[in-house]
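Here are my notes on this one, jotted down while going through the model. Have it open alongside as you read.

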Amino acid sequence: GMEALLRWNHPTHGQIGPATFVPVAEEIGMIGDISHWVLERACGQLAQWRDAGFSDLRMSLNLSPHDFSRKDVVEMVTECVERHRLPPSQLELEITESMMMQDSAGVAAKVRAMRDAGLSVAIDDFGTGYSALAYLQKFPVSTLKIDRSFVRDLDGPSTNPIISAITGIARGFGLQLIAEGVERMEQAETLRALG
């Protein structure tokens, strides 16, 4: 699988990461158009790879909390998936822990509708936000993504128990678990040993 990552290729400043420009886009109301463009590009690319014979690939992409204020966010995603003739299970949408706390009833209903449509929904950067376990009962997510800070600090004294706890939570809820930021073989081996 892979993740669609957005960068702004600025003519003077080079590549600018989303942490710099996404908050501005959210503030001025452009994030919906950007999210729609990213969704189109990601689905289009995944469709091209499927046509080239790579039919088992999965694509993950982030949605802004502002996207969930749209009444038609589920339809926007499912329409794009259908138009590109993609199996819904091959697209995973990432949400943040903080998004779950903003409007839990409305967001939960949209997450449930996405899951009912066959899409995967992941909680991104799990363990760094609020991590209220009660929200895992309300939100029918499919995946937890362990934040890269825990992977980077794998040798730290408190990291392994945190990863073990998140692993236990994922197992208990029957969720897939992904560790982000794995860059060295030793990290992968340690994560495998932790389950």
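**Notes on pockets, sheet and cores**

1. Starting with the second largest pocket: strand E1 and helix H2 each put at least two residues into its lining. H2 is the main contributor here, giving eight residues. Keep in mind throughout that this is a predicted model.

2. Some numbers for that second largest pocket. Its volume comes out at about 340 Å³. There are 16 lining residues, and Ala 4, Leu 5, Trp 37, Arg 41 and Ala 42 are the ones closest to the centre. By class, the lining splits into nine nonpolar, four polar and three charged residues.

3. Now the largest pocket, at about 530 Å³. It has 24 lining residues, with Pro 18, Val 22, Asn 62, Leu 63 and Ser 64 nearest the centre. Its lining counts 14 nonpolar residues, along with six charged and four polar ones.

4. Which elements each supply at least two residues of the largest pocket's lining? They are helix H1 (18-27), helix H2 (31-51), strand E4 (59-62), E5 and E6. H1 has the largest share, five residues. H2 therefore turns up in the linings of both pockets, going by the DSSP runs used for helices and strands.

5. On to the sheet, which is open and six-stranded, with parallel pairing and the order E1-E4-E5-E6-E7-E8. Strand E1 (2-3) and strand E8 (176-179) are the edges, each pairing on one side only.

6. One detail to check on screen is Thr 96, whose bridge partner in E6 is Asp 124.

7. The largest nonpolar core has 42 residues. Phe 68, Val 77, Leu 91, Met 114 and Val 141 have the most contacts inside it. Helix H3 (residues 73-83) provides the largest share of this core, six residues.

8. What does Leu 91 touch, leaving out residues up to four places away in sequence? The list is Leu 39, Cys 43, Met 59, Leu 61, Val 77, Val 81, Leu 119 and Ser 120. Val 77 is also among the residues with the most contacts inside the largest core.

9. Finally, there is a second, separate core of eight residues, including Phe 21, Val 22, Ile 31 and Val 38. Val 22 is worth a click, as it is also one of the residues nearest the centre of the largest pocket.

Terms used
Residues numbered from 1 in each chain as written. Predicted model: local features only at pLDDT ≥ 70, side-chain atom pairs only at ≥ 80, totals over all residues. Heavy atoms only, no water. Pairing = 2+ DSSP bridges. Helix = DSSP H or I, 4+ residues; strand = E, 2+ residues; numbered from the N terminus. 1 Å grid on protein atoms, 1.4 Å probe; cavity = no way out; pocket = protein on both sides within 12 Å on 5 of 7 lines; lining within 4 Å. Points joined across faces, edges and corners; volume = space filled by probe spheres on them. Nonpolar A, V, L, I, M, F, W, Y, C, P; charged D, E, K, R; others polar. Core = buried A, V, L, I, M, F, W, Y, C linked by side-chain atoms within 4.5 Å. Buried < 20%, exposed > 50% of the residue type's maximum accessible area, 1.4 Å probe, protein only. Contact = heavy atoms within 4.5 Å.
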